[in-house]
Structures are given as structure tokens and as C-alpha cells.
Amino acid sequence: MSQFRPQEIEPKWQAYWEEHQTFRTNGDSERSPYYVLDMFPYPSGAGLHVGHVEGYTATDIVTRFKKARGFEVLHPMGWDAFGLPAEQYALKTGTHPRETTAKNVETFKGQLKSLGFAYDWEREINTTDPDYYRWTQWIFLKLWEQDLAYIAEVPVNWCPALGTVLANEEVIDGKSERGGHPVVRKPMRQWMLKITEYADRLLEDLQLLDWPEHLVEMQRNWIGRSRGAEVDFAVDSESTGGVQANIRVFTTRPDTLFGATYMVLAPEHPLVEELTASERRDAVDEYCEQAAQKSDLERTELQKEKSGVFTGAYAINPVNQEKIPIWVADYVLYGYGTGAIMAVPGHDERDWEFAKAHDLPIVEVISGGDVQQEAFEGDGTLVNSAFLDGLQVEEAKQKIIDWLEDRGDGKGAINYKLRDWLFSRQRYWGEPFPVVHREEDGAVVPLPEQQLPLTLPEVEEYQPSGTGESPLATIEEWVQTECPETGKPARRETNTMPQWAGSCWYYLRFVDPDNDEAPIDRKLEEKWLPVDLYVGGAEHAVLHLLYARFWHKVLYDIGVVSTKEPFQRVVNQGMILGTTYRYAVDEAGQPFSMVDHDGDSIEAQQERVVRPDRVRWEGETPMHPEQDIELDAIVEKMSKSRGNVVNPDDVVGEYGADSLRLYEMFMGPLEQTKPWDPRGVTGVHRFLSRIWRLVTEDEDLGVEITDGDLDDELKRRLHQTIHKVTDDTDELRFNTAIAAMMEYVNDLYKRDEVPRVALSPLVQMLAPYAPHTAEELWVRLGHKPSVSEQPWPEYDEAWLEEDSYELAVQVMGKLRGTVEVAKDADEEAAVAAARANPDVERHLEEAEIRRVIFVPGRILNFVIG
RNA sequence: GCGGAAGUGGCGGAAUUGGUAGACGCGCUAGACUAAGGAUCUAGUGGGCUUUAUACGCCCGUGGGGGUUCGACUCCCCCCUUCCGCACCA
């Protein structure tokens, strides 16, 4: 026997797999292909965290399991390496992002290997590699050719401190996600991608996918399709001193058109300028100016009462020719619909509030509520609506749309929340756009494909130019070029692509990483796509997945890929939470406990945290290391500043990679958010150690390994275990699969002798979960390596059932006892057995049995009365 | 506010075509082996009542309240709480 020392066996088997190319994908294999993909990481300086390990272990188990089940598995890994942190580090230290990236990749790769993940490293890709981004640029050219890329002056989130424009998702509460710097709106020249043109297909094709409901729902909401009508309101030119205009609105409630008592334009709406009456101009100008200065946040949250100003102009309601006032208010968003609304205060809560605040009339057109008290948004019968009176809402919608279309005053329309994709960043560390701006006429000219990749030039300064242009703008010799068509002077585009670009198609490149003719060979794409299982964090539930789907559809339209959707099945691993130990300090800096007498947390203005390894334990109570203060232990998201981050390297160092992997899978369901419990690791480590001692015949155990056959009972247990572990693994229920193996081992421990044939399948089942330990034990059981090349153990249905079973017996639905009955016992036999049980009989003897419910294998219930 | 997910022992979690609630693990308790045990092995461990004690038995128990059913963690209605996403989207 020998001690279980993971630190000794793990490097050994990692070297073995590498040397024997155990997990190299054979592209010519006849086996069924199976593509398992992880969301590839951004190689940050912080290294791998336990959240990565969770998802990567899950896919690793699937990879090894599917391989054992006869599939040819593709399981690649790469680096999403463009991005802001490396550039910010360059700003601080002058280190080229390429160097930072290379170093971080090295760290990550070492960590991944130390965990024994079965990647085919021959297919490693890096989005910052010119051989890779050449094809990212190529796809951009295709988008341009398809008229899906354009340049626009759009108000963007300009962050002066970072000297760059941020995407909406990078702005949180009006501040930059990284660094918390203030963000303001500023119009700038930007590249946009017309994702909106694909909105319908992105919505429709969600049906084809095997994704969790919440994810599909989030995508649906993001796309935000709504059906309604566009209606044209003529402006009353008498009220504008002769200015003629037309205001088009989008509404989902055309049925309420008779209830429109005023109109609202967004402050940015171009008609505001034209329509405003001279005597109202000062007030309107002032209002619009204020609105422009407000951030999105201020325009929404701080808005207790809806603000707005009257323009002095009136519009004419096309259904009844009534004159209604036109207002300007920032509760109407310029970016949605037409930037103008017809306000129906009787049946829209927002309009109702505005009408109340500004004393505008409220008219009821749908009966069912009291519109003077509150807006009625429910279904009902049309009233005060001339030819619509008496109809229900749905009928009225259709009728009014027909009516509007006949008269040319409007039409049925569909609107989306989804906006075009802001696709440029004013940064250095991103893919350059493969286009030039010709100086003589300002034309945008794409580079010919042969000139790709357009590589990033070396740069002296990583500092943004400050004007909003990227550092690339400062390199004259790079910027100055000539037009590939005319040879005349031209300037290169100095924006770069956002980080999403590289991750939009990397799953394709893994299939054919070295192709220098095309991003991917069509035949290989047909073989491997779509991705069978894609695992990653929920933070990418909307944008990454939506953008990648969009690109995939474009590539589908131009024949590069044959599949409509890239990811057949997506699973989000749940977040792993850490424990934070905290206390509070008062204004004078005096520390005090945040735990009250009942053990509840109390609120504190300022709190401090204590790192877990500095906590002083008084029994079960966490205490401040120096002071007599009880710490408040709370479970929350891991973050550096809270000192609650668990470093996988530390766990590997102490317990080994297999224990870390096993623990993360044993914590609970993959998709669930789970708290990290340091003691939990010891539990699974103990389990591995128990198997180890069993297989290595630890003399203290007194369990002997024999070459004999399985007795019936053990055979049954083995087959039941294989059955359970197989099903659970297949359905990603790793926690219960591990529990089944634990139970089996517990049973084996109760025996004096265990035949080798009872252990080998166990080791095989363990292999995807704890591969190093399994490899070593496989050899110690007398087999040739490697267990990773073994087919998955089979179970025999015949051995899943027992000859007899314990039948639960109820009287009036209450459990009164259990009896052992034969597997095929009929009701008569079951009742006889049950009545022979005194505990059951006692409840039956005085009563009349009205009914007997017997479900073989499950329950016997007596109804008495 | 809208949408999604979820509330089960001291803790992480099992169990849902309705059929013995609490598998497995942590922690805890006792015992064994020990010079020692934060090692290991064995047994026990939802709460309460009954009992000299044990066994047996009984009652309660899956966020709360109703309901359907022979039988409900599971299905239906109402309510509460937590987490996640979106947030004036007309």
C-alpha cells in the first residue's frame, strides 16, 4: 500500500497524456463527431479562478465521457486576448500588450494543464494572432460587402478618464465598468453593424435551440420585438406659423388612437427645432439643453415627476381631426421607435402621469377602469371611438390599422428594442479595420483580401490621443497610405474592433485552425458544427451569444457555413460565491461588530473586511485578528477587493487537481449558484483517498482484492452504479453521479474481499472526474495504460432489479411499516405480507377496508373507514 | 414595475409521468485503533412526545395559507422572501 499523494501522480499523467497525444482530435475519424466548447477566457493577470475551473471541469468530464462512449470529441481551447486590461497595463508600465498577453497566456495554460484538462492543444488559437485576426478582418469585409457595416455619427458613451468610448454594457450607473470613471454622451464617428436587419431571424431561430429557458428569454427581451402600427400625424400649420410637417409615431396600441390627447417628441427629435413657436423657443431650448446634459441614468431614475415643455405647436389626430398639443419630454427616447409618441393618458401609465403633472386631458376609450384615477391598460370594450365603439381591443387594433392603411395615414409595423451594434473602439489593442478613407473624396475603400492581415503597428505611446481617436492616430507613417483602388492618398481607419469581434467566430476556427485559404473549410464545418455543448458564464447570456449568432447567420447567407445556428446547446455554469468576513467602523474610525445579539447583520456606513486566513476563530465564531470583535460572515460574489477569492492553485497545491475538480462538481447542480466551502474539499479528497486505499490494499482496511467473480449482490450494486453514473454524467448531473460512486465505495468498504472486476469499472467511471487518480489506479489494478482510452463500462438491465424489494405500506396515506415482498408479488401477496406485519395490522384490525391501492414496486395503501 | 430561477436538517444538497422526504458530503456525537490524532475505521445524527432506559410506537415537518387526491417537496389558487436579467422600449 502507499499513501495517496496526488502531487506525485498528477504531473506524471499530465506528461503521459501530452506525450501520447491522448486527447488529440482525429479529423479523419469514422467515429461520430462531438464538439464540446468552453467560453475561452480573457487571459487576465489574475490567472484562472474557481469559476473557470467549474465550467472547464464540466466540459472536461463530458469530453472524456463522450470519448469513452465512442465519439470523436473536439475539445479545444484558446485565448480571447484583445481587450482593455492589457492596454491599461501598457499605459502604466509601457509594456507592450503583446508581451503582457503572452505572459498571461503562459500562466493560464500552465494552470489549465495542472488541472489535467483534456484539450487538443494543437488547435490553440489566440485572437491577437495576425493569422487569426486576418480572418476576423476578412469577415468584416464580408459584412461591408453585404452592406451590414456603416459609419455613423452617434452619441456614444465617452469616458474622458479612459479616453475612450464605452459600450452600453461597459457603463454601469453612469460610470465606467472598469475604474468607475464618469461617462458622458458625445456624438462621434463610429462603425456600426446592422444587427437589426437580422432581428427577426435571431428571434425566430431561438426555437431551433436547446438552450435553458432563462437564456432564450433574455435574448428575446433583448431583441424586444413588438407589433403595432406607425401612424402619421399632420402638424397644424396654423400653429407653427406655416411650417408644414408630419410626425410619425410608433404605437403598440393603435386601438386607443381616439384617446390620444397630446403628442410628445423626444428632446433630440429634429422636428422640435422646426415646430417650436417663437414664444416657446426659450423654454424649449433650455429644456432640450438640460436633457442633453443628463446621463441616461438621470433621465430615468431621478425622474420622480415627468418633466416636459409645450412647443406651442399642435398636431391633428387623423381619426377625428382634433387638434392636440405637441410637447417635448425626455420620457420619450429618441432611440426607440420614431422618437415620437401619441400620448394616450387614459390607457398608458407613463402618459397618465405626464398628463396629471401637466394638466392635460384624459379620455377613456377602453372601458373597464376609471381613467381619472389611474391608467387602464387592460382589455375591454372600445368607447368614445366612433367606428371602433363596441369592439374588443384586438379587433379594434386590426380595424384601425386597415383604416389607416386605406387612408394612407399609417400602417401595421413591427419595432425592436435591439439597436445596431456599435462596433468600434478608440483603442490600440484590437483588430484594425481593413479599410482606408480616401482623401480626395472621403470614400471608404476596403482593402483587398490579399492585403490581409492588416497588422497593428508598433506604437510609442499607448495614451489615447485625447480627442477620442485611438493611439493609432498618432502614428503618421501607418495612418498615411494610399487607396488600394486609385493609388491616391488615403488615411487608415484608426478605430479598432471591440473585444466581441474575435469571440464572434472562434468556435469555427477551432475546427480548422491552420487554414490559410478560408476562415474554415466548408466540409469540416459541415462535419463538426453546430457546437454540441457550449458551457460558460451567464454574463455572456445576451451579447456574446447574440453577436456570434448574428455573424454566423451572415456567414450562412454567404455560404461560408451550412448551419443556421452555431451553438445547439448552451449551459451556464452557476457562480461560485465566497465568504467575506466583515466588520464596521464608525466616523471616528472605531471598529465595531456588525453582528447583533440575534446573530443578524446590522447596517453600517463603512465596512472593512478581513481575509479568511487572518480570521481568528473562537470555536465556531469568526473574530477580528487583533480586536475583540465578532466578524459578520456573509456569502457573496468573489472579488479581489473583498478578499474572498479562492485561488485554484492553492487548492491544487494542498489537495491536488482531482480533489478540486471533484469538489466543484460535487457542490451542487452545475447551473446553480453555490457557496465555496473550504471544508467541502476535504470531503471529496477523503473519498479519493478511500478509493486509493481500497485499490492499493491498505492493510489497515483488511479488505482483500481477489481475482474471483462478483457475487450476485455485488454484481447488482455494480450494475446499478454504472447505470446511475452513466445517466447522470450524460445529463450533466455530476453531483449525483459522484454520490453514486461514493455509495458504491462505502459498500465495498463493508466487505472483507473485493474482486478486481468490481474495482476496474469503478476506476473507469471515476476517470472523467478524477483522471489522474483513475489513471494511476488503473495501472495498479494490473491494466495497461491508459484508462482514458477504455470504452465506458456497460450495465446489464437484468442486474438492475432486485429479486425482492421493500414495499412501503400505508394506512390512510400514512406510512405504517414496510414489508419485504418478491419482485413480482401481486396485490394479494402484498396485502398478505402487509397484514402479517403487526405495525400495519394494528391500524387495520378494527376498521373496514374500503379500498386497497397497490402500485407494484412503489406503494401499498389501505383506505379504511 | 416586467421577465426568469429558486426557497427542503446546523451547512452544501438528494428525491418530482404524485408513491418510504432528507441519498451523498460537511459538521456534530459516541466508540475502536493509538504515545498522540486536525489521521483512519465503525456506528449514530430533522424536531418533538412516550419510556427508569432501550426497543417499539405516536405526532409534527420540504417559505406561509388554502385546495385536488387513497397519498403532495412534486399538481392547482393566493401570499411572502431571495437571487439573476431588463428597466419610461410607447
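1. **α21 against α23.** In this predicted model, the axes of α21 and α23 come within 11 Å and cross at roughly 10°. Axes here are lines fitted to C-alpha atoms, for helices over the stretch in contact, and angles run from 0 to 180 degrees between N-to-C directions. Helices (H or I, at least four residues) and strands (E, at least two) are DSSP runs, numbered from the N terminus. The crossing makes α21 roughly parallel to α23; angles under 35 degrees count as roughly parallel, over 145 as roughly antiparallel, 65 to 115 as roughly perpendicular and the rest as oblique.

2. **Who touches whom.** On the α21 side, the contact uses Leu 714, Leu 718, Thr 721, Ile 722 and Val 725. On the α23 side, Val 757, Ala 758, Pro 761 and Met 765 take part. Contact means heavy atoms within 4.5 Å. By class, this contact of α21 with α23 has eight nonpolar, one polar and no charged residues.

3. **Burial of α23.** Helix α23 covers residues 756–766, and nine of its 11 residues are buried, so the helix is largely enclosed by the rest of the structure. Buried means under 20% relative accessible area, exposed over 50%, partly exposed in between (1.4 Å probe, protein chains only). The buried set is Ala 758, Leu 759, Ser 760, Pro 761, Leu 762, Val 763, Gln 764, Met 765 and Leu 766. Their cover includes the helices α20 (678–695), α21 (712–730), α22 (734–749) and α24 (771–780). Strands β31 (704–706) and β32 (753–755) are also included in the cover.

4. **α3 against α4.** Helix α3 (residues 84–93) packs on helix α4 (residues 97–114) at about 125°, with the axes 8 Å apart. The two helices are therefore oblique to each other. α3 passes α4 in a right-handed crossing. A crossing is left-handed if the near helix is turned anticlockwise from the far one by less than a right angle, and right-handed if clockwise. Ala 86, Glu 87, Tyr 89 and Ala 90 of α3 meet Pro 97, Thr 100 and Thr 101 of α4. Those residues divide into four nonpolar, two polar and one charged.

5. **The parallel sheet.** Four strands form an open sheet in the order β2-β1-β22-β23, with parallel pairing. Two strands pair if DSSP finds at least two bridges between them. At the edges stand β2 (71–74) and β23 (570–573), each with a single partner strand, so one side of each is left without a neighbour in the sheet. Neighbouring strands are turned by 20° against each other on average, direction ignored. Strand β22 (residues 533–537) and β23 run parallel and are joined by four bridges. Gly 536 has Asn 572 in β23 as its bridge partner. Helix α2 (residues 50–68) lies across β1 (32–38), β2, β22 and β23, and runs at about 175° to β1.

6. **The antiparallel sheet.** A further open sheet of four strands has the order β19-β18-β21-β20, with antiparallel pairing. Its edge strands, β19 (444–446) and β20 (480–482), each pair on one side only. Here neighbouring strands are turned by 45° against each other on average, direction ignored. Three bridges join β20 to strand β21 (residues 489–492), and the two run antiparallel. Glu 482 stands opposite Pro 489 in β21.

7. **Backbone points to check.** Most residues other than glycine have a negative phi, and most peptide bonds are trans. The bond from Leu 529 to Pro 530 is cis, with omega near -5°. Pro 530 sits in the loop between α16 (522–528) and β22. Pro 785 and Ser 786 are also joined by a cis peptide bond, with omega about 10°. Ser 786 is in the loop between α24 and β33 (804–811). Gln 321 has a positive phi, near 60°, and lies in the loop between β13 (309–316) and β14 (323–328). Met 812 has a positive phi of about 55°. Met 812 is in the loop between β33 and β34 (814–822) and is partly exposed, with a relative accessible area of 49%.

8. **Basis.** Residues are numbered from 1 along each chain as its sequence is written, and chains are lettered from A and ligands numbered from 1 in the order in which they are written. In this predicted model local features need pLDDT of at least 70, side-chain atom pairs count only at pLDDT 80 or more, and totals for chains, interfaces and linings use all residues, while side-chain values use heavy atoms, with hydrogens and water left out.

Terms used: Ala, Val, Leu, Ile, Met, Phe, Trp, Tyr, Cys and Pro count as nonpolar, Asp, Glu, Lys and Arg as charged, and the others, Gly among them, as polar.
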